[in-house]
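Subject: Structure handover

Hello,

Here is the structure I promised to pass on. Please open it alongside this note.

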Amino acid sequence: MSFNVLKSSAAAVSWKSTGNLQKTLARCIEKHGVGLHSGRPTKIKIWPELAKKGRYFQVGSNVIESSINFVKESPLCTTLCKDGVMVTTVEHLLSALEAFGVDNCRIEITPSNPNEPGVEVPILDGSAREWVKAIEEAGLEDATDENAFPSEEIHITCGINFPEVPSIGCQWFFSRNFNRSFYATDIASARTFCVYEEVEKIREMGLIKGGSLDNAIVCSASKGWLNSALRFHDEPCRHKVLDLIGDLSIFAKSGNQGLPVAHIVAYKAGHALHTDLVRHLT
């Protein structure tokens, strides 16, 4: 099949997330052996790693990510090279890690001679069988995420606090299992809100020119709610969840959903903090 044919069919192929939590090893794997091409002995340890760290090699103080950006053309094997340090014959190990869902791990390689410019992954029996056996013996576990609480389903906990406006005060909202029905029933109807005493100041900034009691709920610090009735007793907090979901949707890529599969907790947050979280997740 020619390259042009592959290009023409690319629109029919897309990468999609599995929606599963990222995995890592439950414990360290240790192997040693000789390199197929170098013939030199090497010791290798594969350590558990945090979510989103991916798979990467460590040689001394040098870190080489398993990325196409660091692939170096070499005969009869795949080589990764970064800052002059090379790791060769990575394909059998990476094949086993990919097939068994080890999404994140640190692969520490110790050469027999620390002065060598590169290292080679041990060839073992020439297949991936010993790597598979080692992975199965070590087991897998959910990779801990630095930026979110692990969860097998999407949950959102949101808190707001307006001590100067007693009718709003401190509110907390926790989502049930997140799905379309829950969103339609518990979130979608929550209206945007503001504090009455801040309206003129906001309008002087050139904002909320189209705002009214028909499309917002307004609360006075002294008189309470100016609208006839709230749709929920915690409507302001629910609207913050609505905003949060919209802002995190920007995280979506290649047709995947934007909301991460995690327990997302926000307190006194706003659009700037929401989008800053997206930047950290990207």
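Below is what was found, topic by topic.

This is a predicted model, so local features need pLDDT of at least 70 and side-chain atom pairs count only at pLDDT 80 or more, while totals for chains, interfaces and linings use all residues. Residues are numbered from 1 along each chain as its sequence is written, and side-chain values use heavy atoms, with hydrogens and water left out.

**Helix α2**

Helices (H or I, at least four residues) and strands (E, at least two) are DSSP runs, numbered from the N terminus. Helix α2 covers residues 91-99, and its buried residues are L93, L94, A96 and L97. Buried means under 20% relative accessible area, exposed over 50%, and partly exposed in between (1.4 Å probe, protein chains only). Down the axis of α2, the buried residues fall within an arc of 160 degrees, so they line one face of the helix. That arc is taken from the directions from the helix axis to the C-beta atoms. E98 and A99 are exposed on the other side of α2. The cover over the buried residues includes β3 (41-48), β4 (55-59), β9 (105-111) and α3 (129-138). Just after α2, G101 has a positive phi of about 75 degrees.

**Cysteines**

A disulfide here is a pair of cysteine sulfur atoms within 2.5 Å. The count is zero. C28 is in no disulfide; its nearest cysteine sulfur, that of C105, is 10 Å away. C105 is likewise in no disulfide, with the sulfur of C28 the nearest at 10 Å. C28 is partly exposed at 22% relative accessible area. C105 is buried at 0%.

**The loop at A26**

A26 sits in the loop between β1 (23-25) and β2 (29-34). Its relative accessibility is 35%, so A26 counts as partly exposed. A26 and G139 are 113 residues apart in sequence, but 5.3 Å apart in space, C-alpha to C-alpha. Leaving out residues up to four places away in sequence, A26 touches P48, A138, G139, L140 and E141. Contact means heavy atoms within 4.5 Å.

**Aromatic pairs**

Rings of Phe, Tyr and Trp (its six-membered ring) pair if their centres lie within 6.5 Å; planes under 30 degrees apart count as stacked, over 60 as edge-to-face and the rest as tilted. There are five aromatic pairs. One of them, W172 with Y267, is stacked: 5.3 Å centre to centre, with 5 degrees between the planes. W172 lies in strand β13 (residues 169-174) and Y267 in strand β17 (residues 263-267), so the pair ties together parts 95 residues apart in sequence. W172 is partly exposed at 46%. Y267 is partly exposed at 37%.

F178 and F182 form an edge-to-face pair, because their ring centres are 6.2 Å apart and their planes stand at 65 degrees. F178 is partly exposed at 24%, whereas F182 is buried at 3%. F173, F178, F182 and Y183 form one aromatic cluster.

**Cavities**

A cavity is a set of points, on a 1 Å grid over the protein atoms alone, where a 1.4 Å probe fits but cannot get out; lining residues have an atom within 4 Å of a point. Grid points are joined across faces, edges and corners, and a volume is the space filled by probe spheres set on the points. Three cavities reach 30 Å³ or more. β12 (155-162), α6 (235-248) and β17 each supply at least two lining residues. β12 gives the most, with three.

Best wishes

Technical notes. 1 Å grid on protein atoms, 1.4 Å probe; cavity = no way out; pocket = protein on both sides within 12 Å on 5 of 7 lines; lining within 4 Å.
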